[in-house]
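Please examine the structure shown below together with its sequence.

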Amino acid sequence: MKWQAVLFDLDDTLYSRAETFRKVAQRFVDVHVGPDTAEPVTAIVEKLVRWDELEPRNATSQEARQSLMDRIKREYPSITSSIDQLIAWYREEMIENLAPDPALEPVLRRLDEAQVPWGVITNGDRFQLRKISSLGLDGRPEQVILSDVEGWRKPDIRLFNLALERMGIEDPKRVLMIGDNPVADIQGAIEAGMETAWMRLERSWNQTGYQPGIQLNNLSDLLDHLD
Ligand SMILES: [Mg+2]
């Protein structure tokens, strides 16, 4: 295989975060908002999805969750749980509703057969480890690099360089980084000298000045690039 190592983003790359969030938002309305509001459930779910999308992506996960829950509580004052309780509930529900992308196992099998090590590089805290566990991947990645533990966030190339160093890889050109975020994943990896594959998720590339080497409609497309 031409790759010496492969790095994956986690959220919206190894599983659909968008799909999981939607399921959790639905449960949130049932459990926390309750029947007190005349607003249709679907309208509330859409609102929560929109608010989640508006959270700044450069915030830490904890800040983003806090700001989202704060907003929800202001909109629905009848919610009695505290913000901390809501965040704890949300995190457990996310874990319970995670489902790996169906193409994940075939992709990882191909890498294992070719004895190509792979790792995860994600902006987030130790909670990301529980997601990896819940996806059935305990002990499988050679490295898991967490931004909130290391102190640098993608697209900071220091985080990518740390992954190379820990995996003992000297030539970044033989490393493929796969992710959905054009800036955090793709720009960062290009600046670190890596090859890149962008998960399109039905979007078009709209960044100027750089572009991913590979565009994937879904994770299964990656199998065409693992020869
Ligand atoms: Mg992502």
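The model is predicted: local features require pLDDT of at least 70, side-chain atom pairs count only at pLDDT 80 or more, and totals for chains, interfaces and linings use all residues. Residue numbers start from 1 along each chain, following the sequence as written.

The protein chain is divided into domain 1 (5–16 + 99–225) and domain 2 (17–96), with bounds that come from an automatic or database domain assignment. Between the C-alpha centres of domain 1 and domain 2 the distance is 27 Å. Eleven residues from domain 1 and nine residues from domain 2 make up the contact, where two residues are in contact if their C-beta atoms, placed from the backbone, lie within 7 Å. On the side of domain 1 that touches domain 2, helix α6 gives the most, with four residues. The residues of that side of domain 1 comprise six charged, three polar and two nonpolar. In this classification Ala, Val, Leu, Ile, Met, Phe, Trp, Tyr, Cys and Pro are nonpolar, Asp, Glu, Lys and Arg are charged, and the others, Gly among them, are polar.

The sheet comes next. Helices (H or I, at least four residues) and strands (E, at least two) are DSSP runs, numbered from the N terminus. Six strands form an open sheet with parallel pairing, in the order β3-β2-β1-β4-β5-β6; two strands pair if DSSP finds at least two bridges between them. Strands β3 and β6 are the edge strands, each pairing on one side only. From one strand to the next, the twist averages 20°, the axes being lines fitted to C-alpha atoms (for helices over the stretch in contact) and the angles running from 0 to 180 degrees between N-to-C directions.

The chain passes from β2 through helix α6 (residues 127–134) to β3 in a right-handed β-α-β crossover. A crossover is right-handed if, with the strands pointing away from the viewer, the path from the first strand over the helix to the second runs clockwise.

Strand β4 (residues 175–179) and β5 pair in the parallel sense over four bridges, and the bridge partner of I178 in β5 is A197. Three bridges join β5 to β6, again in parallel, and A197 stands opposite I214 in β6. Why is β5 largely enclosed by the rest of the structure? Five of the five residues of β5 are buried, so the strand is largely enclosed; a residue is buried if 20 or more other C-beta atoms lie within 10 Å of its own, exposed if 12 or fewer, and partly exposed in between, with C-beta atoms placed from the backbone. In a regular strand the side chains alternate between the two faces of the sheet. Both faces of β5 are covered, with E195, A197 and M199 buried on one side and T196 and W198 buried on the other.

T196 lies in strand β5. This residue counts as buried because it has 24 C-beta neighbours inside 10 Å. Neighbours within four places in sequence aside, T196 is in contact with M177, I186, A189, I190, P212, G213 and I214. T196 and Q215 are 19 residues apart in sequence, and their C-alpha atoms are 8.6 Å apart in space.

Q115, in the loop between α5 (104–113) and β2, has a positive phi of about 55° although it is not a glycine. Q115 is exposed, with 7 other C-beta atoms within 10 Å. E202, in the loop between β5 (195–199) and β6 (214–216), also is a residue other than glycine with a positive phi, near 65°. E202 is exposed, with 6 other C-beta atoms within 10 Å. The peptide bond from K154 to P155 is cis, with omega near 10°, and P155 is placed in the loop between α7 (147–150) and α8 (157–167).
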